[in-house]
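Here are a few friendly notes to read alongside the structure. Take them in order, with the view open beside you.

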Amino acid sequence: MSGVLIRGGRVVDAAAGTDLEGDVLVERGRIAAVGAGLGAEGAEAVIDAAGLVVAPGFVDPHAHLCEPGWERRETIRSGARAAAAGGYAAVCSMPDTDPAVDDPASVGFVAAEGRRAGGARVFPAAAVSVGRKGERLTEFGEVAAAGAVAVTDAGRTVKSSTLMRIALEYARSFDIPVLAHCEDADLARNGVMHEGVVSTRLGLRGRPAVAEEIGVARDLALAEATGGRLHVQRVSTAAAADLIRRARRRGVRVTAEVTPHHLLLTHERLDGYGTEYKVNPPLRTGADAEALRAALADGTICCVATDHAPRHYDEKEQAFDDAPFGAVGLETAFALLHTRLVAGGVLTLPELLERMSAGPARALGLPGGTLEPGRPADLVLIDPGMEWTVDAADFLSRSRNTPFRGEKVTGRVVRTLVGGKTAWKLAGRQ
Amino acid sequence: MSGTAAALGKDLTGLEPLSADQIRVILDTAEPFKEITGRRVKKVPMLRGKTIVNLFFEASTRTRISFEFAEKRLSADTVNVGAVGSSVSKGETLVDTARNLEAMSIDMVVVRHWSAGAAAFLAARIPSNVINAGDGAHEHPTQGLLDILTLRDHFGRLEGLRVCIVGDVLHSRVARSNIYGLVKLGARVAVCGPRTLLPAGIEEMGARVFGRVEEAVEWADALNVLRLQLERMQDGFVPSLREYNRVFGITRERLERAPGRLLILHPGPMNRGVEIDSDVADGPHSVILRQVTNGVAVRMAVLYLLAGGAPHLAEAARDWTGA
């Protein structure tokens, strides 16, 4: 028997309403039991979780693993391992590779590389349109059969409203969500940061908040009209969050995600032209960040996404206009949000854990996110009191482009189990 | 004067990082250099042995020539690197260009680049003094300084002076440097132009906004008229140059309705008949050529101060009669 007993931790499974001091028994890679005083008989190994939080492994609905085509930035292997180091047991990989993941063969490649990676599970998303060109639909049925869990043109708005409508309708046949970068591309034009007083002072081209609002409004209307499943990626404005809140009240099938950097940072950070703060959508105002935190707390935004976007150091070491958008996030997301949102009283720990596991698992229809017996034993063990400093040199990711360099944080993932096996363990911990 | 060698720090990336005193030191230091331009032997030895690279990623005629004259009149050795026909056009990144300059032990780099923040980027990566000759829509500090010097020459003061910047403020680095500098020196600043060309939150930089040029003319002591790039029409910010001239152009008729005598500045190059009419540009209100003359003096002052020259010793330039 390959039983593992995780003994004596604070077991939090928000989806099941569990928050108790107790044990988790894993058998054959699945959760066998959760409770106080479970016996170690039959368990081959015992993991002492005293003082630790034991929770469902995190699920990231949005990570760029960059392979094929951008292996200099990240590979599926390095990305899946970085994910495990951040407490993620599953990530949804974006199809904006080169070539794009837009057919069954490329979906199969990503899934197979993911299985070999020995890190978090990798669930590929496939492109909505062939080559992400916004012209012709990909074969949703074929890519879904090959393992794609969602379709998205990742980072590009589907400009044609007709194509977006067809995508939402057609995806219903396979019950997969359409993940959408919602932005009016014409209005956003070539903006490199949030349009406002900071962009004015710096002389950088602005990306107006209203571009996102219009993009979200269109896709919500299309989702409502078609009954399709829409997942709004990385919401960044207060107005967009409010549109989503109202749509959910009307019963529109919409879920939404937000990144740690949009929750915690604002456009003032761009002062000094730090390219590590160049992300898309851009960092917005303090009022936007506050509204996003409220939307995450009230469940309007049901998941945290990292939008992990690795960039090679010399790509970011350029003049601001020339540097690419993107920030890594897999290895810092939990600690940052635990430090700033849980200690800050915005969310309780169980709520944060829920937004990082059950929320995204439900939004994307993935298996993890809860510790119900019979589910895959995807688990994270967290030392909630451990203080550490974000040091990009420690990342397992191939890239170091974090906007949180040197940030002092509290709470650290010490072990991640995927299917009952330890996928990552913090050095020096049992 | 208390000016020290480090009066400006290592670089001039913009007027925003400078204090009012630092700006005054530059303006005061420019005074003795003005005279040299009028002399038979237009040369002083203050930067003898210094090597300066004029690194222009973006085409420029007047700024590059003005810097080159300033450098040569201070006896520096200069090299011009343009975007066309150099490694810059072969895809070399800014940081590689910087490292190559560093390896050649250049004393100073004058840089123009299309990207906002490029001068500060370079300044942070090389030990040479870096002077921003225009970075995207961010700053053009020597243009701001020469505009301010021209205003001070004419009015004898800057405190309380009302200056309105007219035109395409959105894309203008000249506008930003003027606003930063003038606000620090106690002038009152306004902007005027079509709303499509006024950037978000400009009021928070300390500028009031006039929607109509008639209001600006009535309010201001001086107008700094910005060039309207022809691309702006192609990009749809204004429907036509003809309409722009009719609604926002600085015409003699408009100036005649001003309560006082307005001073007209323009950073050039001008689009005659678009943002400014010829009879204004060539008329008695205009100090446009005076700006060009002051440009050389201001750039000499900046080069001299960044090279470690003491402000009070710049006076020696007056007495230098050439070898």
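1. Let us begin with two helices of chain A. The crossing of H4(A) and H7(A) is right-handed (a crossing is left-handed if the near helix is turned anticlockwise from the far one by less than a right angle, and right-handed if clockwise). Helices (H or I, at least four residues) and strands (E, at least two) are DSSP runs, numbered from the N terminus.

2. A word on the source: this is a predicted model, in which local features need pLDDT of at least 70, side-chain atom pairs count only at pLDDT 80 or more, and totals for chains, interfaces and linings use all residues. Residues are numbered from 1 along each chain as its sequence is written, while chains are lettered from A and ligands numbered from 1 in the order in which they are written.

3. How do the two helices meet? The axes of H4 (residues 161-172) and H7 (residues 209-226) of chain A come within 9 Å and cross at roughly 45°. Axes are lines fitted to C-alpha atoms, for helices over the stretch in contact, and angles run from 0 to 180 degrees between N-to-C directions. H4(A) and H7(A) are therefore oblique to each other (under 35 degrees counts as roughly parallel, over 145 as roughly antiparallel, 65 to 115 as roughly perpendicular and the rest as oblique).

4. Among the residues that meet here are Met164(A) and Leu168(A) in H4(A), and Leu222(A) and Ala223(A) in H7(A). Contact means C-beta atoms, placed from the backbone, within 7 Å.

5. Now look at chain B, whose domain assignment gives domain 1 (20-139 + 295-319) and domain 2 (141-290); such bounds come from an automatic or database assignment. The C-alpha centres of domain 1 and domain 2 of chain B lie 26 Å apart. Their contact takes 18 residues from domain 1 and 16 residues from domain 2 of chain B.

6. Chain B also has an open sheet of five strands in the order S7-S6-S5-S8-S9, with parallel pairing; two strands pair if DSSP finds at least two bridges between them. S7 (207-210) and S9 (263-265) of chain B stand at the edges with a single partner strand each, so one side of each is left without a neighbour in the sheet. The twist averages 25° from one strand to the next.

7. Within this sheet, four bridges join S5 (residues 162-166) of chain B to S8 (residues 222-225) of chain B. Which residue in S8(B) is the bridge partner of Cys164(B)? That partner is Leu223(B).

8. Finally, the contact of the two chains takes 16 residues from chain A and 21 residues from chain B.
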